[in-house]
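Dear colleague,

I am passing on the structure below, followed by some notes on what was found in it. Please read the notes with the coordinates open beside them.

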Amino acid sequence: MAGTLTTIALLPQVVKTWRSKSTKDISAGMFSTSCMGLLLWTFYGFAINSMPIIIANIVSFTLAFTILVLKIRYR
């Protein structure tokens, strides 16, 4: 449940950023740090062979990385 909620939490930001094409209020540093943390969680999930951790963090990384790419693209 925690993985689902934290993953879904990124979705409204992706949608808003995609629609508005505005990223002026988004911190590139925060999303860069978040992406690195999510990658580390994914590696940890593989290390302990935990599919819930792996899946939740891959999806979360994908959403956070999308926001980061949009931040760079819409400068």
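Which residues in H2 meet which residues in H4? Leu 11, Gln 13, Val 14, Thr 17 and Trp 18 of H2 are in contact with Leu 63, Thr 66, Ile 67 and Leu 70 of H4, where contact means heavy atoms within 4.5 Å. The residues of this contact comprise 6 nonpolar, 3 polar and no charged, with Ala, Val, Leu, Ile, Met, Phe, Trp, Tyr, Cys and Pro counted as nonpolar, Asp, Glu, Lys and Arg as charged, and the others, Gly among them, as polar.

This is a predicted model, in which local features need pLDDT of at least 70 and side-chain atom pairs count only at pLDDT 80 or more, while totals for chains, interfaces and linings use all residues. Residues are numbered from 1 along each chain as its sequence is written, and side-chain values use heavy atoms, with hydrogens and water left out.

The protein chain has 4 helices and 0 strands, these being DSSP runs (helices H or I, at least four residues; strands E, at least two) numbered from the N terminus. Helix H2 (residues 11-20) packs against helix H4 (residues 51-73) at an angle of about 25°, the axes being 9 Å apart. H2 is therefore roughly parallel to H4, a term for angles under 35 degrees.

Ala 64, also in helix H4, counts as buried because its relative accessibility is 0%, the cut-off being under 20% relative accessible area with a 1.4 Å probe, protein chains only. Beyond its neighbours within four places in sequence, Ala 64 contacts Leu 10, Phe 31, Ser 34, Cys 35 and Leu 38.

Best regards

Conventions:
Axes are lines fitted to C-alpha atoms, for helices over the stretch in contact, and angles run from 0 to 180 degrees between N-to-C directions. Angles under 35 degrees count as roughly parallel, over 145 as roughly antiparallel, 65 to 115 as roughly perpendicular and the rest as oblique. Buried means under 20% relative accessible area, exposed over 50%, partly exposed in between (1.4 Å probe, protein chains only).
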